[in-house]
Amino acid sequence: MVARPLRSSQVLTLLALALPLAAAPARAHCDTLDGPVVVDARAALSAGDPTPVLKWVQPADEAEIRAAFTRALAVRAAGGAAAGLADTWFFETVVRVHRAGEGAPFTGLKPAGAVEPPIAMADRALADGSVDELAAKIGQHASAAVAERFRRVVEARAHAGESVDKGREYVAAYVDYVHFVAGVVEAVHRGPGHAEAGAPAHAH
């Protein structure tokens, strides 16, 4: 039996387990108005220098961002609503190009405050200079999640031979258990980026 390909939302599943969130796909916050990409884009516009934001794009895309920066500055000079529109357009351009460079789609800028608590925790760890608390929480919740799936498999296996339905309950629990473990391992060893497609499938 072959598992379904893992999506990038599953990479953040372990982080999502660290806090009592409602079930929803986790996402990176590079597309929020208070995310690090837009923060650096604001700094670049304020300083009149694109350098702070160039690190967020691939070398091949630098010329596009420099050109967009020049246009945005020209429109900003008009002041008022034009300046606000220029800023937003530049933010959208930088985020779109950044996400494209990571193989991820751009679906528009998200409002400030749209960052999920686990992502905020990850940023807070960087600000504090210590990952110990974050890593401990991830480890605790991942361990508990694996243990619970293991318990379900063992319990279902004990009754698997009683009927076809019981056997299918065991198979469902087993598949969920194996796929979850595979997802944890995939998350631990996967490289950086936001890409959602092309992840290898797991077989068992």
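This section describes the confidence, secondary structure, nonpolar core and helix packing of a predicted model. Residues are numbered from 1 along each chain as its sequence is written, and side-chain values use heavy atoms, with hydrogens and water left out. Local features need pLDDT of at least 70 and side-chain atom pairs count only at pLDDT 80 or more, while totals for chains, interfaces and linings use all residues.

The pLDDT, the predictor's confidence in each residue on a scale from 0 to 100, averages 80 over the chain, and 78% of the residues score at least 70. The pLDDT is below 50 over residues 1–27, a stretch with 58 contacts in the model beyond near neighbours in sequence; contact denotes heavy atoms within 4.5 Å. Residues 195–203 also have pLDDT below 50, with 19 such contacts.

The secondary structure comprises nine helices and zero strands, where helices (H or I, at least four residues) and strands (E, at least two) are DSSP runs numbered from the N terminus. Of the contacts with a separation of 6 or more, 65% join residues 24 or more positions apart.

A nonpolar core is a set of buried Ala, Val, Leu, Ile, Met, Phe, Trp, Tyr and Cys residues joined through side-chain atoms within 4.5 Å. The largest such core contains 18 residues, of which L45, V53, I65, F90, F91 and V94 touch the most other members. At least two residues of this core come from each of α3 (36–47), α4 (51–54), α5 (62–76) and α6 (80–101). Neighbours within four places in sequence aside, F90 contacts A41, L45, V53, I65, A68, F69 and A72.

Helices α8 (residues 132–157) and α9 (residues 164–189) pack at an angle of about 155°, with axes 8 Å apart. Axes are lines fitted to C-alpha atoms, for helices over the stretch in contact, and angles run from 0 to 180 degrees between N-to-C directions. The α8 helix is therefore roughly antiparallel to α9 (an angle over 145 degrees). Residues in the contact include A145, R149 and V153 of α8 and Y170, A173 and Y177 of α9. Within α8, A156 is buried at a relative accessible area of 14%. A156 touches E169, Y170 and A173, not counting residues up to four places away in sequence. The C-alpha atoms of A156 and A173 lie 7.2 Å apart, at a sequence separation of 17 residues.

Methods:
Buried < 20%, exposed > 50% of the residue type's maximum accessible area, 1.4 Å probe, protein only. Parallel < 35°, antiparallel > 145°, perpendicular 65-115°, else oblique.
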